[in-house]
Amino acid sequence: MNIPFVDLKRQYKAYKKEIDAQIREVIASSAFIMGEKIRELEQRLAEFTGTKYAAGCSSGTDALVLALAALDLRPGDEVITTPFSFIATSEAIAFLKAKPVFVDIDAQTFNIDPDKIPAAITDRTRGIIAVDLFGQCADYDAINAIARDHNLFVIEDAAQSFGARYKGRPACSLATVACTSFFPAKPLGCFGDGGMVFTDNEKLYTIIASLRAHGMGTDKYNHVRIGFNARLDTLQAGILLAKFNHFKNEIKQRNAAARYYTKYLDGCVTTPVLLEQNVSVFAQYSILAKDRDKLQQHLKGKGIPTAVHYPQPLHTQTAFSYLGYKKGDFPVAEQTCNSILALPMHAHLTRGEQDHIIKAIKSFYKR
Ligand SMILES: *Cc1c(COP(=O)(O)O)cnc(C)c1O
């Protein structure tokens, strides 16, 4: 049995008619940049996330850069974030010449530990970027309370959590601004790069919408600020509109697959901890496994692909060596990097495939 890690072909086959119709429509109209489909997608996703404004953009990374730029992040400003994430989160901060300040994670959820945030706040701190890792929201009530006390902004990096819930509230509505990604392998993915920024703040939205289109104002050729080109392609918006019709159902399927893994793997490996207050979208189903690298090889030999998100924390990566962190600074993140392992996870995974994976993991530990 050869199992794909994320089966995008199977998903395309399932929705092919609708996706192809959207693509044909965009091509027939020749309206490839912005236009009605972008507005329709923004409206539908704003409604879905319970936010007032949504701005499509070119990627999750650009969503973060747009949000930080709109918040007027300046060189030398500090932004607190997690060392256990994809590099884009801290990269966006550093790209704007501000300083990422890392705070260790919670050992159960792998999200930033709010209790450790206050000690990292200085008089240069401007804000906090929390990441909803693997599809489970960070603890925003605690994070927002700290931010209020110190007059900081909060950005929700919801690249992995679009569709998730926290205490009944939707992901992307939990902070000053939220950023998501439509990278193909994310829970709601397009056929290339894409992203979206969400906020209730009209002023921030106006700046973000302007920044993504060269600093455009209401008068097309009088640019009111320095921006860049970070628009979402209309073709991608069409593809997302087709896929979004099935998204609620896909969230249910992902959760059912996660429950099935947990039911049969619990006790054999450390299965993901989902807090009662959270509904995850399981962007990843990540276990903590003893002898992780050997298990990964064993599974590979049985046609089962796995992934390590993430093998190295951000504070020890070469690009951030100038920050002066060292090994041992964030022990929870570092330990997690050594045993984390993501199993195949997507809405179209079959129970037969999962049985094969579960059996292979169990056989490894019985040796
Ligand atoms: C994927 C991801 C991003 C970046 O999104 P892109 O669309 O690939 O630029 C940012 N943050 C996190 C946590 C991610 O997983």
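**Legends to close-up views of the predicted model**

**View 1. Packing of helices α3 and α4.** In this predicted model, helices α3 and α4 are oblique to each other, because their axes cross at roughly 40° and an angle counts as roughly parallel only under 35 degrees. The two axes come within 9 Å, and the crossing is right-handed. From α3, the residues Thr 61, Leu 64, Val 65 and Leu 68 take part in the contact. Their partners in α4 are Ala 88, Thr 89, Glu 91, Ala 92, Ile 93 and Phe 95. By class, this contact of α3 with α4 comprises seven nonpolar residues, two polar residues and one charged residue.

**View 2. The largest pocket and its lining.** The greatest contribution comes from α3, which supplies three residues.

**View 3. Packing of helices α2 and α7.** Helix α2 spans residues 36-49 and helix α7 spans residues 234-244. Their axes lie 9 Å apart and form an angle of about 40°, and α2 and α7 are therefore oblique to each other. The crossing in which α2 passes α7 is left-handed. On the α2 side, the contact is made by Lys 37, Ile 38, Glu 40, Leu 41, Arg 44, Leu 45 and Phe 48. On the α7 side, it is made by Thr 234, Ala 237, Gly 238, Leu 240, Leu 241 and Phe 244. Eight of the residues in the contact of α2 with α7 are nonpolar, two are polar and three are charged.

**View 4. Packing of helices α8 and α11.** Helix α8 (residues 247-265) and helix α11 (residues 351-366) have axes that cross at roughly 30° and come within 10 Å. Angles under 35 degrees count as roughly parallel, and α8 and α11 are therefore roughly parallel to each other. The passage of α8 across α11 is a right-handed crossing. Residues of α8 in the contact are Ala 256, Ala 257, Tyr 260, Tyr 261, Tyr 264 and Leu 265. They meet Arg 351, Gln 354, Asp 355, Ile 357, Ile 358, Ile 361 and Lys 362 of α11. The contact of α8 with α11 contains nine nonpolar residues, one polar residue and three charged residues.

**View 5. The largest cavity.** Two cavities of 30 Å³ or more are found when the whole structure is searched. The largest cavity holds about 120 Å³ of space. It is lined by 13 residues, of which Leu 133, Phe 134, Gln 136, Pro 272 and Val 273 are the closest to its centre. Seven residues of the lining of the largest cavity are nonpolar and six are polar, with no charged residue present.

**View 6. Backbone geometry at Phe 282.** Phe 282 is situated in the loop between strands β10 (278-279) and β11 (285-288). Although Phe 282 is not a glycine, it has a positive phi of about 45°.

**View 7. The cis peptide bond between His 309 and Tyr 310.** The peptide bond leading from His 309 to Tyr 310 is cis, and its omega is near 15°. Tyr 310 belongs to the loop that lies between helices α9 (292-301) and α10 (331-339).

Terms used. Residues numbered from 1 in each chain as written. Predicted model: local features only at pLDDT ≥ 70, side-chain atom pairs only at ≥ 80, totals over all residues. Heavy atoms only, no water. Axes fitted to C-alpha atoms, helices over the stretch in contact; angles between N-to-C directions. Helix = DSSP H or I, 4+ residues; strand = E, 2+ residues; numbered from the N terminus. Parallel < 35°, antiparallel > 145°, perpendicular 65-115°, else oblique. Left-handed = near helix turned anticlockwise from the far one by under 90°. Contact = heavy atoms within 4.5 Å. Nonpolar A, V, L, I, M, F, W, Y, C, P; charged D, E, K, R; others polar. 1 Å grid on protein atoms, 1.4 Å probe; cavity = no way out; pocket = protein on both sides within 12 Å on 5 of 7 lines; lining within 4 Å. Points joined across faces, edges and corners; volume = space filled by probe spheres on them.
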